[in-house]
Amino acid sequence: MSKRLEGKVAIITGGGRGIGLGITQRFAEEGARIAIVQRNAPPPSILNERTVFIQADLTLPDEIARAVDRTVERFGGLDILVNNAGIMFEKTVEEMSEADWDQMMTVNLKAPFLLTKRAVPLMRSRGGGSLINIGSIEGIGSNPGHPAYSASKAGIHGFTAAVAVDHGRDGIRCNAIAPGWINSDLSEIYLESMPDSARIRRELLAMHPAGRLGEPRDIGNLAVWLASDESTFATGQVFVMDGGRTKKLPLPIG
Ligand code: NDP
């Protein structure tokens, strides 16, 4: 069987760690050429002629522009952009400073906008492309202390719909994936910050009809489909990938 992303060029922000690494691994297996864009070097084992690391801090617009330019210089164009890099912290509105709010919005919402702005003309010039934004089930509901995080994720879901509406005629599709609990540094640090994390781990598992927590490759599998020509009628959507967690209604029994 031919590889599903053969001949395609992708940027994956945060593609060297956690969920992003799962997406990078699946894209590489499907034949894509990949630019991983983040601050720290990814594990050397995933880098080769077809998967390269471009260092950039996504809070800096100049570094975003340079990362896209370098991807095009290296691979000759752009077909897929995965806006995956993101941050999370716990602060209520009372605890949060204006600078905290701005930091969350800069990484989780403004960087995807600036990257999309540069990606659209590049994709249009190749007859189309696929934009994939990593949102969250916290763009639909929220956990405690997450007003900025949830706002950024609900924002990226809305942005996804709007970009799909504006650029469908260019052959450009835009979809979001809303992961539930996926094992990564981000979710592990969150869990370990809680008192009684062992109990929470057990109860968290019980919330999942699928009987397990998510892995980065679960998100990678869906991202491959959204990036591929198998999904050309899918655009503007938010695809929840959470092992059924948000479909299980709370009941004070069992
Ligand atoms: P991790 O913390 O494990 O990884 C975050 C990635 O983002 C890293 O590769 C990091 O690279 C990159 N990044 C962060 N800040 C910047 C920056 N300023 N410039 C460039 N790159 C940056 O997180 P996850 O893999 O868990 O999360 C990935 C995405 O999935 C995020 O958008 C998150 O909100 C979302 N998500 C995660 C869930 C989960 O359960 N894990 C659930 C729902 C959504 P570096 O530090 O080297 O720059």
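How many salt bridges does a search of the whole structure find? The search finds 17, where a salt bridge is a side-chain nitrogen of Lys or Arg within 4 Å of a carboxyl oxygen of Asp or Glu. Before we walk through some of them, please keep in mind that this is a predicted model, in which local features need pLDDT of at least 70, side-chain atom pairs count only at pLDDT 80 or more, and totals for chains, interfaces and linings use all residues. Residues are numbered from 1 along each chain as its sequence is written, and side-chain values use heavy atoms, with hydrogens and water left out.

Let's start with Arg26, which forms a salt bridge with Glu30; their closest N and O atoms lie 3.0 Å apart. Arg26 has a relative accessibility of 8% and so counts as buried, and Glu30, at 12%, counts as buried too. (Buried means under 20% relative accessible area, exposed means over 50%, and partly exposed is in between, with a 1.4 Å probe and protein chains only.)

Now look at Glu29. Its side chain meets that of Arg217 in a salt bridge, 3.0 Å from N to O. This pair links distant parts of the chain, 188 residues apart: Arg217 sits in helix H7 (residues 216-227) and Glu29 in helix H1 (residues 18-29). Helices here are DSSP runs (H or I, at least four residues), numbered from the N terminus. Arg217 is partly exposed, at 35% relative accessible area, and Glu29 is partly exposed as well, at 38%.

Another salt bridge joins Arg199 to Asp196, with 2.8 Å between the closest N and O atoms. Arg199 counts as partly exposed at 32% relative accessibility, as does Asp196 at 45%. Elsewhere, salt bridges with shared partners tie Arg4, Arg26, Glu29, Glu30, Arg217 and Glu230 into one network.

Finally, turn to a pair of helices. H2 (residues 61-75) packs against H3 (residues 98-125) at an angle of about 35°, and their axes are 10 Å apart. Axes are lines fitted to C-alpha atoms, for helices over the stretch in contact, and angles run from 0 to 180 degrees between N-to-C directions. Which residues meet here? From H2 come Pro61, Ile64, Ala65, Val68, Asp69 and Val72, and from H3 come Ala111, Leu114, Leu115, Arg118 and Leu122, contact being heavy atoms within 4.5 Å. Nine of the contact residues are nonpolar, none polar and two charged; Ala, Val, Leu, Ile, Met, Phe, Trp, Tyr, Cys and Pro count as nonpolar, Asp, Glu, Lys and Arg as charged, and the others, Gly among them, as polar.

How values were computed. Helix = DSSP H or I, 4+ residues; strand = E, 2+ residues; numbered from the N terminus.
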